[in-house]
Amino acid sequence: MADEIGVFRDTRAVLVESIWWDDRTDEVVWVDITAGLLHRGPLDGAVDGSDDRVVELPPPLSAVQPAAGGGYIAALKDRVVLLDADGRIERDLAALRHRHDGMRLNEGKVDPFGRFIVGAMELTTDDPDAAVWSVDPDGDVRVLGGGYGIANGMEWSDDGRTMYITDTATSTVYRASYGPAGELGELEPYLVGRSSDGLVLATDGSFVNGLYGEGMVARWSADGDLVEEITMPVPNITSVAFAGPDLDVLLVGSARENLTEEQLQRHPLSGGILRLEPGATGRPIHTFGSASIA
């Protein structure tokens, strides 16, 4: 990855998450979880966000992904909703039951078979009580697994037979067998010992992820070996995504949460989105309700 770091957006979000490139509109999509804001804007838009289209939704808004028909699917605190093409709530799709009130939904991505996979996180305890669910286009819900502290960065192999999923609370990225029916096999530790948050798979088989609290973006080989680290000017990295028409720009989200005033003064770009030229390209995102592979 190139060392030159640029600024994509400096909007002082509380918690940037769910960055992705929408090739339907040639826009970058991202959310501020805590504020409940859905942002959509051009890759070369104004750094202050004045070119963005912003919709306010009920917070926390942890993830937004594309849905067939031109709209979106979104994860709120304990429910999954469908949004229209303007980003407004069209209808509730599924209610997800947490083990206690001190939890919320967190990372959510669409799998290669068109399902929305979403995990939860603990907010008030250190107990591993969070679950991961699969939501079908007809609204059917299935629990894929439990025992997570912070279910996070998700990806799938090109053939859809392997899923990668992060538990930031245990500093581990796991992998497991996966399949057309959406079954998740036994978790196997894959990347261990770093505070992994967002995760994205490049076309060459390497992974890029953010290291929350470490101020680093790391790149890993397909075999799980550390290839490169880039020090970022913000400590809390939350989301990474390839963007642009050629998916050759790496966007890196960050958070202001959990930082003191002194830390914010030292890291004023916290809560912004940075950009790198990674020397790699990403893969198109999957669409809810539309299978990418047979």
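Buried, as I use the word today, means under 20% relative accessible area, exposed means over 50%, and partly exposed is anything in between. The model is a predicted one.

Is S171 buried or partly exposed? Its relative accessibility is 22%, so S171 counts as partly exposed. S18 also is not a glycine and has a positive phi of about 55°. S18, however, sits in a strand, β2, which covers residues 16–22. With 5% relative accessibility, S18 counts as buried because the limit is under 20%.

The peptide bond from P59 to P60 is cis, and its omega is near -5°. P60 belongs to the loop between β5 (53–56) and β6 (63–66).

The largest pocket holds about 510 Å³ of space. It is lined by 34 residues, and those closest to its centre are W20, W21, R283, P284 and I285. Two or more lining residues come from each of β2, β6, β10 (103–110), β14 (151–156), β18 (196–201) and β22 (237–243). Which element gives the largest share? That is β2, with six residues. By type, the lining of the largest pocket has 16 nonpolar, nine polar and nine charged residues.

The second largest pocket has about 220 Å³ of space. Its lining has 15 residues, with L15, R104, M121, Y212 and E257 the closest to the centre. This lining divides into six nonpolar residues, five polar and four charged.

As background, nonpolar side chains in soluble globular proteins tend to be buried together. The largest nonpolar core here has 34 residues, and V80 and F116 touch the most other members. Strand β12, residues 130–135, supplies the largest share of this core, five residues. If we set aside neighbours within four places in sequence, the contacts of F116 include I73, V80, W133 and F288.

Last, the charged pairs. Side chains of opposite charge can pair when their charged atoms come close. The count for this model is 15 salt bridges. One of them joins R24 to D22, with the closest N and O atoms 2.9 Å apart. Here R24 is partly exposed at 34% relative accessible area, whereas D22 is buried at 1%.

Another salt bridge joins K109 to E155, and the closest N and O atoms are 3.6 Å apart. K109 is in strand β10 and E155 in strand β14, so this pair ties together parts that are 46 residues apart in sequence. K109 has a relative accessible area of 16% and is buried. E155 counts as buried as well, at 8% relative accessibility. Both residues belong to a network of salt bridges that links K109, E155, D158 and R283.

To finish, D111 and R115 form a salt bridge at 3.4 Å, N to O. Both D111 and R115 are buried.

Key. Residues are numbered from 1 along each chain as its sequence is written. This is a predicted model: local features need pLDDT of at least 70, side-chain atom pairs count only at pLDDT 80 or more; totals for chains, interfaces and linings use all residues. Side-chain values use heavy atoms; hydrogens and water are left out. Helices (H or I, at least four residues) and strands (E, at least two) are DSSP runs, numbered from the N terminus. Buried means under 20% relative accessible area, exposed over 50%, partly exposed in between (1.4 Å probe, protein chains only). On a 1 Å grid over the protein atoms alone, a cavity is a set of points where a 1.4 Å probe fits but cannot get out, and a pocket is an open set with protein on both sides within 12 Å along at least five of seven lines; lining residues have an atom within 4 Å of a point. Grid points are joined across faces, edges and corners, and a volume is the space filled by probe spheres set on the points. Ala, Val, Leu, Ile, Met, Phe, Trp, Tyr, Cys and Pro count as nonpolar, Asp, Glu, Lys and Arg as charged, and the others, Gly among them, as polar. A nonpolar core is a set of buried Ala, Val, Leu, Ile, Met, Phe, Trp, Tyr and Cys residues joined through side-chain atoms within 4.5 Å. Contact means heavy atoms within 4.5 Å. A salt bridge is a side-chain nitrogen of Lys or Arg within 4 Å of a carboxyl oxygen of Asp or Glu.
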